[in-house]
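Please look through the model below with its charged side chains and its helices in mind. The paragraphs that follow lead from one pair of side chains to the next.

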Amino acid sequence: AFDMKLNQPSGFSLEQFKTILSDEKDKNKIFANNAEYFYYIEDEYNINGLFVASIAIHESAWGTSNISKKKFNLFGYGAYDDTPYESALTFNSYEEGIETVTKSLIKNYLNVAGTEIYDGETATGKYYHGTTISSINIKYATDDNWSNAIYNIMEGLYEKL
């Protein structure tokens, strides 16, 4: 549902993640090859891994964008609208980018300030407005329709089972 809480795991198994993230649109097999990592972050960081994968799918056009291919950055993380390629961060691997964005979502967007999160850290709650896609959209993306795009991708992924 559009109002699902994203600061909890999807509950899917690793095999289900592999099924869900295997798609003909994944021309470079980036999502198929990283299904295990999207599954891992659920347990490690108490987040819906399919939500994180959906952001990556949307922002990278299934891993076909130049930022995703050349900078291992599936999220356009750090990119500004006027200089997207130049300002986007470069990661050493897709896993590093996935983990960096996941930690940012947990620390800044999905938990109120002071919530115990990972590695003995607490959330800043800097951009916290709730735990749903639309509440994250308030500060995460400049596109007002971002939450609808992410929801549609998630719905499509869930329907694959």
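Asp-23 is buried, with a relative accessible area of 17%, where buried means under 20% relative accessible area, exposed over 50% and partly exposed in between (1.4 Å probe, protein chains only). This is a predicted model, in which local features need pLDDT of at least 70 and side-chain atom pairs count only at pLDDT 80 or more, while totals for chains, interfaces and linings use all residues. Residues are numbered from 1 along each chain as its sequence is written, and side-chain values use heavy atoms, with hydrogens and water left out.

The structure holds 3 salt bridges, a salt bridge being a side-chain nitrogen of Lys or Arg within 4 Å of a carboxyl oxygen of Asp or Glu. In one of them Asp-23 pairs with Lys-160, the closest N and O atoms being 3.2 Å apart. Because Lys-160 lies in the segment after helix H9 (146-158) and Asp-23 in the loop between H1 and H2, this pair ties together parts that are 137 residues apart in sequence; helices are DSSP runs (H or I, at least four residues), numbered from the N terminus. Lys-107 and Glu-121 meet at 2.5 Å, N to O, and, since Lys-107 lies in helix H7 and Glu-121 in the loop between H7 and helix H8 (133-140), they tie together parts 14 residues apart in sequence. Lys-18 and Glu-15, by contrast, both lie in helix H1, 3 residues apart, about one turn of the helix.

Helix H3 (residues 35-45) has buried residues including Tyr-37, Phe-38 and Ile-41, and what covers its buried residues includes helices H1 (14-20) and H4 (49-60).

Conventions
Helices (H or I, at least four residues) and strands (E, at least two) are DSSP runs, numbered from the N terminus. Contact means heavy atoms within 4.5 Å.
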